[in-house]
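This report accompanies the sequence and structure shown below.

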Amino acid sequence: MYADTIVLAGHIETLSEDAAGTAANAVAVTDGRITAVGTASDLEPLRGPGTIVHTFEGATVLPGLIDVHAHPVWGSIEIGRGVDLSGAATLDQVFTLLADAADRQPDDVWITGFDLDVNVFDGEPAGAVFAERFPGRPISLMTRDAHALVVSPRVIELIGLTGRETFTDASSVAVGPDGRPTGFVVELQAMDLVFDHYPDVPVATAAGYVLHELDGLASSGLTGLHALDFTDPSEAVYRHIEEHGELPLRIRCSPLVPADSAPEVWQEIADLQDRRGRLWHVEGAKFMLDGTADNGTAWFDRPDIHGENREPLWRDLDAYRAAMRFFTDRGIPTATHAIGDQAVRFALDVIEEVGPAGGAPHRIEHIESIPDDLLGRFAELDVVASLQPVHGTRHTRADATDNWSRRIGPDRVAHGWRTRDLLDHGAVVALGSDWPIGPGDPRTGLADCQLRRPVEEPETAPVQPGQAISAREAYLGMTAAAAYAGGASDELGKIAPGRLADLTVFATNPLDLAPDAQPDNAVLATVVGGAVRLHTNSAEGNL
């Protein structure tokens, strides 16, 4: 049988142990799957009159890169309608960006923003600072960790926030000494009170935002991502895109199980399993056992300097345990957001109790600071360590002057983002970005993993440099380890016959590049299910 497509390059980096050391430079694809890997001459008999040959002179083909932790729908919508505050290091710079947005909108139109650095505030974040500069304007800014909002007094007025609101999780509406809301709204249930008042975004508009961002992620080398959410309007957006075209990458969606929710809610999430389109599907369940250290809502074994970071989001831990068993008994793998050491410990304990789910391993997300005694338990229990080291390189500082470091103290800072230690203890370490909270370009994140600092800032001191990993280990974290985390080890993550033809074509072999050169390594093409998508600066020529 002739191949549908043959991809020729300078080198095929299979990341398959069976093919280690081979001089492969060609991949044949039929019906969306790899049918042969070898030299161009080896594959010549598979080239028929209808075979499309893509030639990338001197390039390297790797298994397609998979980001195991992203939020493509709400992230794209926030970016599409909001103000990007990522470059604002001071409150004055925040004001400048907001003023530009305000000048283009009527006075009563909401201004939303994202990637707000809480370090711009002198002390606890508060929205009163917006009243003088933007009187009467509803302003809602999402913090960099996406676990809090800072809202203007007008928003407090519109919603009727009192500070006396109660929630089933650890959410809160902060109040000042006078007992009135300060405008700092913490964690998801409290944030939902604000989100419910945001102007509606039509599905077609939202789909346009999402497709635009996904195209950008694909052009940076991604062929897949794990969406750690699936809520309105996710399904409508994905279906709209596929009705009018095609997604540029695969998306595996895991709906969130709300903290302290009831079994009927769990059943609704179980009923979503295997809902799918051509390139997206629902699989797994996401839990948030704690919040974030920056907001004081992570769960550590002892409080931080403010007496916070000492409680789980799930007030009823027996309910978390029961929910984990509910999904595990139904063969549904789980991913638990656990940032603090006590949250990680408890999640591991519960996973040991409930056992494996079957099709895919259980995962723990973030794992920002853990003690030595937890390192070996990931391999022992076959739990994937799903890390986003870019949070460490970009949200903290080596001199510990950032909010995260000041809050939790030097001993726990020293145990932050232990990528090297987890690998050395045999854990499967799958890497993601938490996009849009972290940079979505995998080349940037994978370089940061090797450098332990922002790749574009050579003068910046590395954060916990002993946790650096090699280029091969980093790329395995977004290929073979990512495939394992998604229960797709037999389908993705390596280049071998029988697997899905998801490939990333780099101008230069990233495994041979210095970390600082990674972000400029051009992505010539991505291949998803055998469909070749050429990207800017591609030197490819069809023969």
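## Basis of the description

The structure is a predicted model.

## The mixed sheet

Six strands make up an open sheet with mixed pairing, and their order is S6-S7-S8-S9-S11-S10. At its edges lie strand S6 (83–84) and strand S10 (172–175), each of which pairs on one side only.

Within this sheet, strand S8 (residues 139–143) and strand S9 (residues 148–151) run antiparallel and are joined by three bridges. Leu141 has Val150 in S9 as its bridge partner.

Helix H3 (residues 91–103) lies across S6, strand S7 (111–116) and S8, and runs at about 150 degrees to S7. The helix has 13 residues, and the distance from its first C-alpha to its last is 18 Å, close to the 18 Å expected at 1.5 Å a residue.

The residues Leu91, Val94, Phe95, Leu98, Ala101 and Ala102 of H3 are buried. Viewed down the helix axis, the buried residues of H3 fall within an arc of 125 degrees, so they line one face of the helix. These buried residues pack against S6, S7, S8 and helix H4 (129–133). The face of H3 turned away from the buried side carries Asp92, Thr96 and Asp103, which are exposed.

## The parallel sheet

A further open sheet is formed by six strands in the order S14-S16-S17-S18-S19-S20, with parallel pairing. Its edge strands are strand S14 (256–257) and strand S20 (429–431), and each of them pairs on one side only. Helix H10 (residues 317–329) packs on this sheet, where it touches S14, strand S16 (285–288) and strand S17 (334–338). The direction of H10 makes about 170 degrees with that of S16.

Strand S19 (residues 384–387) pairs in the parallel sense with strand S18 (residues 363–366) over three bridges; the bridge partner of Arg363 in S19 is Val384. S19 also pairs with S20 in the parallel sense, over three bridges, and here Leu387 has Leu431 in S20 as its bridge partner. Val384 and Ser386 point one way from S19, Ala385 and Leu387 point the other way, and all are buried.

Strand S22 (residues 523–528) and strand S23 (residues 531–534) run antiparallel and are joined by four bridges. The bridge partner of Val527 in S23 is Val532.

## Glu13, a buried loop residue

Glu13 lies in the loop that connects strand S1 (5–12) and strand S2 (26–30). Is this residue, Glu13, buried or exposed? The relative accessibility of Glu13 is 11%, under the 20% cut-off, and Glu13 therefore counts as buried.

The side chain of Glu13 makes a polar contact with the side chain of His11 (3.1 Å), and another with the side chain of Arg472 (3.1 Å). Leaving aside residues up to four places away in sequence, Glu13 touches Thr60, Val61, Leu62, Pro63, Arg472, Ile495, Asn509 and Leu511.

How values were computed. Residues are numbered from 1 along each chain as its sequence is written. This is a predicted model: local features need pLDDT of at least 70, side-chain atom pairs count only at pLDDT 80 or more; totals for chains, interfaces and linings use all residues. Side-chain values use heavy atoms; hydrogens and water are left out. Helices (H or I, at least four residues) and strands (E, at least two) are DSSP runs, numbered from the N terminus. Buried means under 20% relative accessible area, exposed over 50%, partly exposed in between (1.4 Å probe, protein chains only). A polar contact is a pair of N or O atoms within 3.5 Å; within protein, one must be able to donate a hydrogen and the other to accept it, and residues adjacent in sequence count only if both atoms are side-chain atoms. Contact means heavy atoms within 4.5 Å. Two strands pair if DSSP finds at least two bridges between them. Axes are lines fitted to C-alpha atoms, for helices over the stretch in contact, and angles run from 0 to 180 degrees between N-to-C directions. The expected span of a helix is 1.5 Å times one less than its number of residues. The arc is that of the directions from the helix axis to the C-beta atoms.
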